[in-house]
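Visitor: I would like a close look at a single part of this model, namely the side of one chain that touches its partner. Please set the chain in context before turning to that side.

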Amino acid sequence: MGSPAPTGEGSPGASVATNTSPGLKAPTRRGTELVMLSFAAGLVTLALILVELNQERSLSMRILYLGVAYLALFACAHLAVRRWAPYADPAILPCVALLNGLGLVVIHRIDLALEGTVFLDGSTWDPVAFKQVIWTGIGLLMFAATLKFLPDHRMLARFGYTFGLVGLVALLLPGVLPGFIAPTINGAKIWLRIGPLSIQPGEFAKILLMVFFAAFLVSKRDLFTVAGRRFLGMDLPRARDLGPLFAAWGVTVAVMVLQKDLGSSLLFFGIVLVLLYVATERAAWVVLGLGLFSGGAIVAWKLFTHVQQRVANWQDPIARYDVVGGGYQISQSLFALATGGIGGAGLGAGRPEMIPEANTDFITAVIGEELGFVGFAALLLVYMVFALRGLRGAISVRDSFGKLLGGGLAFAVCFQVFIVVGGITKLIPMTGITAPFLSYGGSSLLANYILVALLLRISAAARAPQRAAKPKPQQPAIADQHTVMVERPK
Amino acid sequence: MNTPLRRVGMAMMVMILLLLGNATWVQVINADEWRKNAYNRRVLLDEYARKRGLITVADGTVIADVKETTDRLRFLRTYNAGPAYAPVTGYLSVTYGTSGMERAENDLLNGSDDRLLARRISALITGRDPVGGNVQLTLNAKVQQTAYDQLTAKGFTGSVVAIKPDTGEVLAMASTPSYDPNLLASHDANEQASAWKQLTAKDANDPLVNRATQALYPAGSTLKVVVAAAALADGKNKDTQYTAKGSITLPGSQTPLPNFNGTPCGPGETVSMETALAKSCNTAFGEMAGQVGASKLRRQAEKFGFNDPDLTVPLAVETSTLGPIPDEASLYQTGIGQRDVQITPLENAVIAATIANNGKRMQPYLVSKILGPDLKSIEDTEPDEVETAMSTANANALRDMMIQSEINTGGEGRLQNVQVASKTGTAEHGSDVTKNNPHAWYIAFAPAQKPEIAIAVIVEDGGDRGLGATGGKVAAPIGRAVMNAYLAGR
């Protein structure tokens, strides 16, 4: 299992065909992608029209521009995939297009709801949907660039340590920089303000660190599989090999303490744990990691009031409804979801203006209210398909680095969804984190488009017909060789 | 590496399944708990977002209007001439719910009534906001205003009800002290709260109670018309002789039953029923009730509308009762409207109207029409004859006696050129009749020969006359002014 399996166990259909009959060209499935993309575009257009109708607005030309811009962007993305990663998985881009499109529609819808709102400081609501379209454009540009300039994902492994260093700095930078350049927004210190731009370096750090960990673990994985002591029927790793795990744990705690960003630290720690597990194939790491996490969580809960608040809000949001930093947000989210019920209020007919942070952390609550449980479940399933298709690419790719990186990226998406959606539905304590591709925010969108490009690159590598190996020296057919007498068994 | 990757895939699916399960709990199974939570203002906002129907009086003048605001609660309920109509319209308050017509016709006004179904569906198709239906009342603006002004001019606590005898339409329904429903309908929570506190204060004298339908009073001498009707039905006539003593002893007891001031009813031993009614002699009517008997008296009262717990106009109406009549003595006392007789001003007006309408009791009603949002009539209320309480001959005989009563009654404001039939009452109440000022009653209809309006007036606790108050001095002038307002304005 350790060595890359030449047959690509994951996708027997495609790979077997390529391997057994090199003369036949493997299907690229780009046509399938185009059909699914068109379907996604149709859904998004329908959603936009519904919003406009329910808000009693005439279908203006602006809608047309937004729609055309959206279609053009994803048509370009499709062409980019066609050109630079023709064998990429056909389901991933349509999932992303649907999520991103729905996100745009909902952000536009929230703009309409908040239009004319005057805030306490006298400022008025500034519509952001158009900005998000621009960010989508830039995101897809990065996506295309990643595909173009990274013809082989294994190139990344060479820069593992550089990425790790940059990632670590990016992750911790907002926490240590002074307030004027790294302001505290909504209690979290995760932003860098450069001129008119606010960026969240943590979103990019997530990917950089994943590349580092995957490269690091692949090069050193033999070390981690050396058994240490046996304890309770498990092979514990040797103490000195625990270094990376403790390092990750330390960084996680630092993020939690310095930036008060519980969501990101949870996400980051989960990813490291999964990468370790996949690299070593040993559950001991998971148990150990969960133990460390639980210990850290309990200590954090004891030490930090903002952690205690989150837990108390989670246990009984209504009881703490009127407390500052209390259960108001999560209560509003639950009210929205419950009022939406099974069928939802209808796109454009809900009350997103009552949900705090509606277009970022709580955007799924808006969708749950307006599209109901049906739409909410569909949304979760789209995320699942997206993540599982990404994982499928990781399983069928041939190199260890690709497997590790692909698995980590796919898990990261799914885990992030779990953290944010679990938070707004009161499954787990609420931790501020964005919903991939849905939430408003340039950094998150750009980072996630790079993530998708990497997943597509890995899946393309998995499905592409292998380049013809150097021709082996011609050997005469077996039939032409001399018969050799083998010693008869006694 | 593929085995752990597959396990990671399983973990991802489990995460999504957990989210789906939790969403099912929040949005479907347990949704009502969150939807109906007091903090969830969505349901309320939905109701306020719909344009509520108007309430108008008979000539179409709007008394409960809606105004569009820029608040979160879109439509503000406004009441024109609030206090005069408040007992009928009631209030619509975010915090304190509804009362009066706002409650009785809430479904129609907020647009959820089934009678508006066809219009709701068409609104759904055309994409317009659903709008509530309108309620047109039977109230006559002039009569209502006169009734309210008459009661408030001297600061009386009491009530006036006017009914059109041949249909049962309620022409006026006033109750004082009243209140301004605009304060309770305010979108400013503080204004609402302070108004509520003031209106429900101990010394505020229950302004929120509509005394016409919700207050029960001893009927006093006004009940003598019911006793007389029972006696007429029993074969007696206006010339039947009864005792003229100034005071008699109740049978089976030592308790005296005196006339007003103990004055004998006439020079002789006996007086006719006509004289006894005109002079409101207690001794004669005690004897009359004793002769009729409890069961016949009760049946006659029920024919006039007593003991009807389901009566709605459509405001809910308290049940008027004669109370228990365990023995002869209590029958005598019941015969003069004391003991446990409890009656609403509305019921007393119904009695007057029934006599006026040749003994035929019409169902009293306040809503003349239900109009769709487009002001097209959806439903017209048809006058409903409930039952024949008296034969026409007996009703005419009783009317003639009441004409004599009016002639005998003092007080100001006698109608010129219009014959009035009436009966006064001065109802003692409380434990000590020498300290508790009596309630002043007046029931009447006019013109006597061709009645167009029947009224009942009560002024609590003697009005401005204290212990010396009588129905004739305190209540009759109000009743006459109200009738005059209607008859003069024809």
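Visitor: In chain A, what percentage of the contacts with a separation of 6 or more comes from residues 24 or more positions apart?

Guide: This is a predicted model, in which local features need pLDDT of at least 70 and side-chain atom pairs count only at pLDDT 80 or more, while totals for chains, interfaces and linings use all residues. Residues are numbered from 1 along each chain as its sequence is written, and chains are lettered from A and ligands numbered from 1 in the order in which they are written. The figure for chain A is 72%, where two residues are in contact if their C-beta atoms, placed from the backbone, lie within 7 Å. Of the 490 residues in chain A, 49% are buried, that is, with 20 or more other C-beta atoms within 10 Å of their own. Chain A has 16 helices and 4 strands, which are DSSP runs (H or I, at least four residues, for helices; E, at least two, for strands) numbered from the N terminus.

Turning to the contact between the chains, chain A brings 45 residues and chain B brings 30 residues. On the side of chain A that touches chain B, the elements giving two or more residues are α10 (262-280), α13 (328-340), α14 (363-396) and α15 (400-424) of chain A. Of these, α14(A) gives the most, with 13 residues. By residue class, this side of chain A divides into 28 nonpolar, 11 polar and 6 charged residues, with Ala, Val, Leu, Ile, Met, Phe, Trp, Tyr, Cys and Pro counted as nonpolar, Asp, Glu, Lys and Arg as charged, and the others, Gly among them, as polar.

Note on methods: Buried ≥ 20, exposed ≤ 12 C-beta atoms within 10 Å, placed from the backbone.
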